[in-house]
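Here are some notes to read alongside the model.

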Amino acid sequence: MNGIVVLKEASKVVLSVLGTAKSLENVTYVKSLFVVSVDVEDGSLLYSFLTGELILVRKKYSIDYLINHRFLVDSMVDELSSVAKYQRVMRLLNNRVQSNIRTFEIMTTTSCNANCFYCYEKEFPIKVMSDRTSREVAKFIMRNKCSGQIHIRWYGGEPLMNTMSIDAISDILANNNINWTSSMITNGLLFSGDLIRKVQEWRLKHVTITLDGTEKTYNSTKSYNIRNISPYKIILRNITGLLEAGMAVTIRVNIEQYNLEDAKVLLNDLRNRFCKYRQRLGFMLRPLMNTAFDRTIESIDKAIVFKSIMAEMDHTFALGYKVTGMLPSGVNGRCCKADSGNYIVIKPDGDISFCTGNYHTCHGQNVFKNQELLFPDLSKHIFRKVQLCGSCPKNIVCIPTKDCATYKETICKPIQKELMLHEIRLSMLQKYREFLTPEFNEN
């Protein structure tokens, strides 16, 4: 494997399904359709959506490795014809294994102290998880968790409007020696010093906070019912407190036509303000989507918004901040989280869902009912891909369903494909940066 450095290992299951591809004479090999490449100073980064492997290829390397691990393929092979087969085999393998849940997304309440005009939860009835339900949720987690470490994601509404449930569930898990970590999606307004001191009890490792613009834009968008003090200033203070406490924080910035220029000013201020925390602070830049998920709220010129996001991502990344997510781990035959068999959502009343949206119902299950979990099988609801998918490296891991409006309406639009691949390339560069400079590794 001379000249090749593995930065992210391939899925062993996928490699076993694919079998070993051997180098043959008189065969012309070309880069796989499912491979994305990025040139770097000492070679090239290659990432395979098929196997989930990321490698650094330096000047002297073994072509046999690239062929064996499907980075290079026979030029005469039609890779697209094998996509459905690979997905079907992986689905069958997954269905043979009784999945245990690795991630529990817990909605402590559907209530929220903000009034964002774009919020898709506006029509949800207000529910708050009771002490009794909290205890049952903890018992449910212990009955259905996987054998290793599990992850809890606190969600809402605004999860900090019901810290009682977070306390109760955390206490029960700790007292029963459960191995878990947690993260939270919050607007951050309530994350004052008293709550920051609780992060150890909650085993909180990561917090995501949304900022939609500079002070005037943010306060107007959130519309908090408070006076005489700027919510924006409170949020900045709380973010500082979390970072000083050693917490990893991601600031999500939703960008649309209405706040396009303001978001640039915001990002410049945040990058300067928090520069000494760049190892723990990341940014998530997203186009703002409406509740139909089929267009941006103001879609006068969507391309301008997307290209602006990509430019800001590049600038932010160049300054040492993380702006990317995880690289997919190869083809697995699953459509989405709801179909994964290892992720569920628990609502404030104890009802179980498999997605945070409205597209997958609770199937009549509840944490109070000790019954076998029945994960939805979406294999019969596949949404037919359009022609653009045929040229997309993500084709192998992207399985949209008719049941999910998010996938059905937004997949395969050229500008969104461009943004997705841009993020993938930055994720590859992030792994490369961690390899070169270990201090950039995640906490």
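Leaving aside its neighbours within four places in sequence, which residues is S183 in contact with?

1. The model is a predicted one. In it, S183 is in contact with H151, I152, R153, W154, L204 and H206, once neighbours within four places in sequence are set aside. S183 itself belongs to strand β9. Its relative accessibility is 9%, and S183 therefore counts as buried, the cut-off being under 20%.

2. Another is strand β10 (residues 204–210), which runs parallel to β9 and is joined to it by five bridges. There, H206 of β10 stands opposite S183. I152 and H206 are also among the residues in contact with S183.

3. A separate item is the antiparallel sheet. Four strands form this open sheet, in the order β1-β5-β4-β3. The edges are taken by β1 (4–8) and β3 (35–40), each with a single partner strand, so one side of each has no neighbour in the sheet. From one strand to the next the twist averages 20°.

4. Strand β4 spans residues 43–48, and six bridges join it to β3 in the antiparallel sense. S37 has L46 in β4 as its bridge partner. A helix also lies across this sheet: α12 (residues 414–436) lies across β1, β3, β4 and β5 (54–57), and runs at about 50° to β3.

5. Next, the nonpolar cores. The largest has 79 residues, and F104, F191, L211, I251 and F274 have the most contacts inside it. Helix α8 (residues 231–244) supplies the largest share of this core, seven residues. Apart from this core lies another, of 27 residues, including F34, V36, Y47 and Y432.

6. Not counting residues up to four places away in sequence, I251 touches I209, L211, I239, L270, F274, L281, G282, F283 and M284. Two of these, L211 and F274, are also listed with I251 among the residues with the most contacts inside the largest core.

7. How do helices α9 and α10 lie, and at roughly what angle do their axes cross? Helix α9 covers residues 260–273 and helix α10 residues 302–318; their axes come within 11 Å and cross at roughly 10°. Angles under 35 degrees count as roughly parallel, and α9 and α10 are therefore roughly parallel to each other. On the α9 side the contact is made by L260, K264, L267 and R271, and on the α10 side by I304, V305, S308, E312, H315 and T316.

8. Last, the chain as a whole. It contains 12 helices and 14 strands. Of its 443 residues, 51% count as buried. Among contacts in the chain with a separation of 6 or more, 73% are between residues 24 or more positions apart.

Notes
Residues are numbered from 1 along each chain as its sequence is written. This is a predicted model: local features need pLDDT of at least 70, side-chain atom pairs count only at pLDDT 80 or more; totals for chains, interfaces and linings use all residues. Side-chain values use heavy atoms; hydrogens and water are left out. Two strands pair if DSSP finds at least two bridges between them. Helices (H or I, at least four residues) and strands (E, at least two) are DSSP runs, numbered from the N terminus. Buried means under 20% relative accessible area, exposed over 50%, partly exposed in between (1.4 Å probe, protein chains only). Contact means heavy atoms within 4.5 Å. Axes are lines fitted to C-alpha atoms, for helices over the stretch in contact, and angles run from 0 to 180 degrees between N-to-C directions. A nonpolar core is a set of buried Ala, Val, Leu, Ile, Met, Phe, Trp, Tyr and Cys residues joined through side-chain atoms within 4.5 Å. Angles under 35 degrees count as roughly parallel, over 145 as roughly antiparallel, 65 to 115 as roughly perpendicular and the rest as oblique.
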